[in-house]
Amino acid sequence: MQEASLLELRGIEKRFPGVLALNNVDFTLQSGEIHALMGENGAGKSTLIKILTGVYPMDGGSVTVEGKKVHIASPQDAQNNGISTVYQEITLCPNLTVAENMYIGRDKGLMVKQKDYEKRADEILSQLQIPARARQQLGNCSLAVQQMVAIARAVDMQCKVLILDEPTSSLDDKEVNMLFSLMRDLKARGVGIIFVTHFLEQVYEVCDRITVLRNGELVGEYLVEDLPQVQLVAKMMGKELEELNSLSETEEKKSATGETFYEAEDLSSSAAFPFNYSIKKGEVNGFTGLLGSGRSESVRAIFGADKVNSGTVKVKGKPVKINKPIDAMKNGIGYLAEDRKRDGIISELSVRENIILAMQVMKGFWRPISRSEQEAFADEYIKALNIKTASRETPIGSLSGGNQQKVILARWLLTHPEYLILDEPTRGIDVGTKLEIQKLVLKLAEDGVSVTFISSEVEEMLRTCSRLIVMRDRHIVGELTGSDLNQAQVMKTIAGGEAKNNE
Amino acid sequence: MSKKRSIGQILGPLAIPLIAIGILVIFNLIRDPEFFSIVIKHNNDGNAVLAGNLISIVNGASELAILAMGMTIVTAACGGQDISVGAAAAIAGSMFVKVLKSVQEITGVTVVLAFLAACVIAMIFGAFNGTLVAVFKIQPMIATLILYTCGRSIAYWINGGATPSVESSILNAWGSFIPGIPIPTPVLIVILMAIIFGLLFKFTSLRLFTQSVGINESAAKLNGINATWIKLLSFIILGVCVAVAGTIGVSRLGLINHETLLLDVEMDTILAVAIGGNSLGGGRFRLSGSIIGAYVIQMLTITLYAMKVPSTDVKAYKAIVIVILVVIGSPVVKKKFSKFVGDLRRKRAARSENSEKGAA
């Protein structure tokens, strides 16, 4: 290579108290390529990106942009060097408008013509076919659209290096494709894109090269065509993965034939239209459908998370009232929420406190669990679920995403639910943990627990569920069981008869 | 991972208030070695009691410390502060005096009844504030602005506009000394309140639930916690603290002056919570920090008076010290400091490594 690479990281090192997060990591990005940065949770991807964007200072190594050594001490420095990032979690301001979000913090002078940038924002939005208007309040847009606005912001900044950290985890297939065509467009214009994702298929769809990290160290850099998917997974996990296949092949999905555990008729909430639904003891089912089809809203109605408007509910044949989460919990129902950060973790509290929270609530305000019992529970589940944490007293917020999710799972398992609703438990977490969670679901079902497992990765649901409830436009449009449980049939049902002209 | 821990880590989040107290003590000892001497005096009732600057600091901070405990819970649960505690204390105090005035003879029973009446009215006003915050989702400072504005007028109405005085040895026992015990009663009440809070934390889930609601209300709700009730409860608990502080204040003077009782105490209370290392944005809290914070503020005031600073200037000097404290405790300075310490340690490690190499 005669020409200098667009971006070169050499010997990057980063320490956190107690951990070496990055150890002598190299990374090279050429202009006009899409480069996947892969690794399990805690491998160091996010840390590397935060160093590159000036969020964390590095403890060693060098960063070179177009042959020039640069020092990135703040996000502003990163921007000035043409490095833009769209983070996994939306980092925009929901109470500002779309246009304000696209131009916030970038004004050169004090006098800014609102009309000008609103016009500009609208142009870009329509160019990128993003269904949002400049003057709309961002918080009113769906998560997917918010994500795309963040990308539009980066695009407008004329970046040379665009970092996409898990941009697709909240997008549906159509939106993912839109994003990919946008990425290819940017690539053709010479932008170097660093793409972080947990969706392996997506890597093979758009990327040119792959860099794999593991435990804070560089495993290697590969051309996409040289590294088949199975090998990529093996490299990420550091072990050969017969397991991965064995799960889908050998595990028998048993269609539950037991008694009905939960039954709802005409159940509706402030967010969900009326629907009928039931689940048997020991059954694993799933809700599927595009983003916004109402799958989360439906399970939230079952748990009483939103205001319940109507419906008769029976648990084990007995009529019950479930209006609030605590009602559901008292009836043996647990709910792992879709948005881990917003609805799951109590970030400043310890792993121990996060684990015992739901159980404590069920025991009641006046009957606190003793400290020694709490510690015993925490230790038991840290071990059982293989939660990687410095100690049980570590704040949950400092754990990696996958381990946070395991803590929340532990929280619900500790309540010994008879029906556990898992809404996107595998979103944004690494392959190994995803697998562990799927196994756990099957094991729970074996023990007679009913489970609803929702995932935007249909394969995951096909692997674990014996029944799929398909939703479209906030209504249940089909139920698939037995031989109908395959990707083609699911897609067909989601799309429905008049799919062609649907928006 | 070094086993050695910095001073900050050992003292934990209480570092700032503890260091502040330490500096104030050293400063006073240099200025006047006799400052902290404690003597035994005989008061008007002929009791042997402890006296001295230290005693007046600890004694004088009592109302502040008690209010700071309640304020800590409200802050943790609601992520905001109650600025009506001074006005509410005036109401509670007025009620206390009203009941005492309406009986023929002040006995132990009537004092307890009067105190309960003060508690009830303070809890009712606490619940009023709490309802505005928890049910109507009004920001705490705005919600409590209402009672802040009108509280002292309500206190005025309770006693028909007068500032009646009450006299009784029992009140003296509540506000100054119990015969035979040389420690001022308000100090004992602070200890009692701290013990009650300790028991509350031990025998209920108050701490866990309050922190959960304060850190992530949405998640807390999805785990079945009744966030509205927890917030309301925090204001009711503060109401009890207000009643205790208000009645102490009344008992000290033997009269209720609705205009001056615990005037401006709300700001000192909030400050005590902040100096104690608690985030005013809610969430994790440390009651001990707030209590120490209250003593820091009081020690500062007494020190200034002891230095013959005119009372009109005291507030300005206080402000200077508080600015310094708050800036030192700010995340920016903390981060810079820990980085500085880290660099220093690394350099030292590198140097010792080099010297070892040199030796080899």
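Which residues is L222(B) in contact with, leaving aside its neighbours within four places in sequence? Keep that in mind while you set up the view.

This is a predicted model, in which local features need pLDDT of at least 70, side-chain atom pairs count only at pLDDT 80 or more, and totals for chains, interfaces and linings use all residues. Residues are numbered from 1 along each chain as its sequence is written, and chains are lettered from A and ligands numbered from 1 in the order in which they are written.

**Stop 1: L222(B) and the contact between the chains**

Select L222(B), which sits in helix α11 (residues 217–222) of chain B. Helices (H or I, at least four residues) and strands (E, at least two) are DSSP runs, numbered from the N terminus. Leaving aside neighbours within four places in sequence, L222(B) is in contact with A305(A), P325(A), Y335(A), A337(A) and D343(A). Contact here requires the C-beta atoms of two residues, placed from the backbone, to lie within 7 Å. L222(B) is buried, with 22 other C-beta atoms within 10 Å. The cut-offs are 20 or more other C-beta atoms within 10 Å for buried, 12 or fewer for exposed, and anything in between for partly exposed, again with C-beta atoms placed from the backbone.

**Stop 2: R411(A)**

Stay in chain A and select R411(A), in helix α15 (residues 401–414). R411(A) counts as buried because it has 26 C-beta neighbours inside 10 Å. Not counting residues up to four places away in sequence, R411(A) touches N354(A), I355(A), L357(A) and A358(A). R411(A) and A358(A) are 53 residues apart in sequence, yet 6.2 Å apart in space, C-alpha to C-alpha.

**Stop 3: helix α10 of chain A**

Select residues 295–303 of chain A, helix α10; nine of its nine residues are buried, so the helix is largely enclosed by the rest of the structure. The buried residues include R295(A), E297(A) and R300(A). After α10(A) comes G304(A), with a positive phi near 80°.

**Stop 4: T47(A)**

T47(A) is part of helix α1 (residues 45–52) of chain A. Is T47(A) buried or exposed? T47(A) is buried, with 22 other C-beta atoms within 10 Å. Apart from neighbours within four places in sequence, T47(A) is in contact with K14(A), A21(A), L22(A) and Y56(A).

**Stop 5: two positive phi values**

Most residues other than glycine have a negative phi. Select E424(A), where phi is near 55°, a positive value. E424(A) is in the loop between β17 (419–423) and α16 (431–446) of chain A, and is buried, with 22 other C-beta atoms within 10 Å. Then go to D264(B), where phi is near 65°, also positive. D264(B) lies in the loop between α12 (227–253) and α13 (265–275) of chain B, and is exposed, with 10 other C-beta atoms within 10 Å.

**Stop 6: helix α7 of chain B**

Select residues 140–158 of chain B, helix α7, which has 19 residues and reaches 26 Å from its first C-alpha to its last, close to the 27 Å expected at 1.5 Å a residue. The expected span is 1.5 Å times one less than the number of residues. Where does α7(B) bend? The bend, about 45°, is at C150(B); it is the angle between axes fitted to the seven residues ending there and the seven starting there. Among the buried residues of α7(B) are P140(B), L147(B) and I158(B). The buried residues of α7(B) pack against α4 (62–78), α5 (85–102) and α6 (108–134) of chain B. G160(B) follows α7(B) and has a positive phi, near 60°.
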